[in-house]
Amino acid sequence: MSKEFDDNKPIFQQVKELIEDQILNDQLKEGDQAPSTNQLVNFYKINHVTVAKGVNQLVEEGILFKKRGVGMFVAEGAKEKLVRKRKEVFLDDYVFRLVQEADKLGISESEMLEMIRQVKRSDQDV
Amino acid sequence: MYKIEAKEVSVNYKDFQALKNVSFSLEGNKIYGLIGRNGAGKTTFLSLLAAFQEASAGQIQVNGEDVFENPEMMEKIALLYDVDYKDETEKVKNMLEVAKRYRPNYDDEYAMYLLERFKLPLDKPINKLSKGMQSAFNVVMGLACRTPITIFDEVYLGMDAPTREIFYKELLEEQTNRPRMFILSTHLVSEMDHLFDEIVIIDQGEMLLHEDYESLVSKGVSITGDADVVDQFTQDKEILNEQRLGQTKAVMVYGTLGNDELEKARDNGLDVGPVSLQDLFIHLTDGEES
C-alpha cells in the first residue's frame with residue numbers, strides 16, 4: 001500500500017480527501033476531468049472497490065459528476081461546497097487537538113496566539 | 001449476468017480428499033480472488049468450475065444448469081492455467097485462429113492490441129516463447145475470448161514484474177469496459193489485492209471464507225503498545241498473531257472493533273492499524289491454533 005495513506009482513517013475516506021484537496025488547491029478546477037477509478041487504482045495501488053467507494057461518495061455529495069462513457073468531472077460550485085464542509089471539521093480536527101496538546105504542555109492562550117501569528121508571518125514571507 | 005453455485009461438493013483422489021463438502025455461490029460481474037496455501041485445493045476447485053473434471057459428490061451449476069459435459073455451458077467458461085507448451089509448435093497467430101473459431105465473443109482487434117502490449121510475436125511457435133511469454137499469451141487468450149466467466153489459475157507464472165503490471169492494468173481496463181466474472185487464483189496476494197471485489201479462501205480442502213474485500217480487510221486490526229495494556233485490551237478478542245519486542249507488543253486481532261473500542265484503545269495509548277489481506281491470509285491459514 002502506498003505510503004501516502006496513513007493508518008488512522010479508512011482508506012476510501014483518504015482517497016476522497018485526496019481528490020478534495022486537489023480541488024481545494026486548484027489542481028483540479030471546476031469542469032475539469034477528474035482521474036478515473038482505474039487511474040487512481042494503478043497510481044496508488046489500492047483496491048478498486050475502495051477507490052470506487054470514495055469516488056462515489058463525492059458524486060453523491062455533488063462534488064463530482066459522471067458523464068456517461070466519458071468519465072468523472074468536477075462539478076460547478078464544488079470548491080465552495082468543500083470549503084464550507086472543511087471549515088466545519090476544522091474546529092474538531094485541528095483546533096480541538098491543538099488546544100488539547102497545548103493544555104498538555106501548559107501553553108497559555110496568549111502564547112498559543114503568538115505562535116499562530118509567528119507562523120502566519122513566516123508564511124507570508126515565503 | 002452469471003451465477004455459479006456449488007452445493008456440498010467433494011472431490012476424492014484415491015485416498016486423498018482434495019475438496020470437502022464445499023458450498024458457495026459466486027454471482028455477477030466481479031473479480032474474485034481465490035487464495036489458499038499450496039495444496040489447499042484451488043486448482044481442483046477451479047477445474048470443477050470449468051468442467052475439466054467431475055465432482056465425486058455434490059453439484060455445480062451455472063445459472064441453474066449442470067456444467068459437466070454440458071457443451072453449451074462450457075462455451076461460457078474459460079479456464080487459463082499453466083499449460084505445458086513444450087510440444088506446441090503452432091504459431092501464436094494460428095492459435096488465435098483456433099480461438100476465433102471456438103469462442104463466439106473473441107475479439108481479434110483486442111487480441112492484437114494485447115499482443116502488442118505484451119510484446120508477443122505473431123510468427124513464433126508457442127513452444128519457442130519463454131515461460132513468461134507463454135503466460136502472457138494465456139492472459140491474451142483469456143481476455144480476448146471475452147467468455148462470460150473467465151478463470152485465471154496462477155496465470156502469472158514466469159512473468160516478470162513489469163509484465164504482471166501490464167496484466168493487472170489491462171484486466172481492470174477490460175473490467176471497466178466489458179464487465180464480466182473473473183476468478184483469479186493467486187499466491188501473490190499483496191501484489192494483486194487491489195484487483196479483487198471479493199475474496200474466497202480455501203484451506204485444506206475446505207472453504208474457509210467468502211467475503212467482499214472491504215469487509216474482510218476491515219476485520220483485521222493490529223493493536224500495538226505496552227504489552228500489559230495490549231493484553232488487557234485484547235483478552236476477549238480473537239487473536240491471530242502476536243509479536244513482542246521488549247515491553248512492546250503487537251497483536252493482530254480478527255473481528256471488527258466498534259468506534260467506542262477504537263477510542264478506548266487510543267485513550268489507553270495503543271496504536272490501532274489496519275492489517276493487509278496478505279497478513280490476514282497468512283495467519284488465518286497458518287496452522288492448528290484455535
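In which strand of chain B does Ser10(B) lie? Ser10(B) belongs to strand β1, residues 3-13 of chain B, where helices (H or I, at least four residues) and strands (E, at least two) are DSSP runs numbered from the N terminus.

The views below show a predicted model, in which local features need pLDDT of at least 70, side-chain atom pairs count only at pLDDT 80 or more, and totals for chains, interfaces and linings use all residues. Residues are numbered from 1 along each chain as its sequence is written, chains are lettered from A and ligands numbered from 1 in the order in which they are written, and side-chain values use heavy atoms, with hydrogens and water left out.

View 1. Ser10(B) counts as buried because its relative accessibility is 9%; buried means under 20% relative accessible area, exposed over 50%, and partly exposed in between (1.4 Å probe, protein chains only). Apart from neighbours within four places in sequence, Ser10(B) is in contact with Gln17(B), Leu19(B), Lys20(B) and Asn21(B), and also with Ala55(B), Ser56(B) and Ala57(B). Contact means heavy atoms within 4.5 Å.

**View 2. Packing of helices α4(B) and α5(B).** Helix α4 (residues 108-117) and helix α5 (residues 131-144) of chain B have axes that come within 9 Å and cross at roughly 155 degrees. Axes are lines fitted to C-alpha atoms, for helices over the stretch in contact, and angles run from 0 to 180 degrees between N-to-C directions. The two helices, α4(B) and α5(B), are therefore roughly antiparallel to each other (angles under 35 degrees count as roughly parallel, over 145 as roughly antiparallel, 65 to 115 as roughly perpendicular and the rest as oblique). From α4(B), Tyr110(B), Ala111(B), Leu114(B) and Leu115(B) meet Val140(B), Leu143(B) and Ala144(B) of α5(B). The residues of this contact comprise seven nonpolar, no polar and no charged. Ala, Val, Leu, Ile, Met, Phe, Trp, Tyr, Cys and Pro count as nonpolar, Asp, Glu, Lys and Arg as charged, and the others, Gly among them, as polar.

**View 3. Glu17(A) and the packing of α1(A) with α4(A).** Glu17(A) lies in helix α1, residues 11-24 of chain A, and counts as partly exposed because its relative accessibility is 21%. With residues up to four places away in sequence not counted, Glu17(A) touches Lys9(A) and Arg86(A). Glu17(A) and Leu58(A), 41 residues apart in sequence, have a C-alpha to C-alpha separation of 9.5 Å. α1(A) packs against helix α4 (residues 78-105) of chain A at an angle of about 115 degrees, with the axes 9 Å apart. The contact of α1(A) with α4(A) has five nonpolar, no polar and seven charged residues.

**View 4. The loop that holds Gly62(A).** Gly62(A) is placed between α3 (48-60) and β1 (64-67) of chain A. Because its relative accessibility is 22%, Gly62(A) counts as partly exposed. Beyond its neighbours within four places in sequence, Gly62(A) is in contact with Ala75(A) and Lys81(A). The C-alpha atoms of Gly62(A) and Val15(A), 47 residues apart along the chain, are separated by 16 Å.

**View 5. The domains of chain B.** Chain B is divided into domain 1 (3-211) and domain 2 (219-284), with bounds that come from an automatic or database domain assignment. The centres of these domains of chain B, taken over C-alpha atoms, are separated by 36 Å. Twelve residues from domain 1 of chain B and six residues from domain 2 of chain B take part in the contact.
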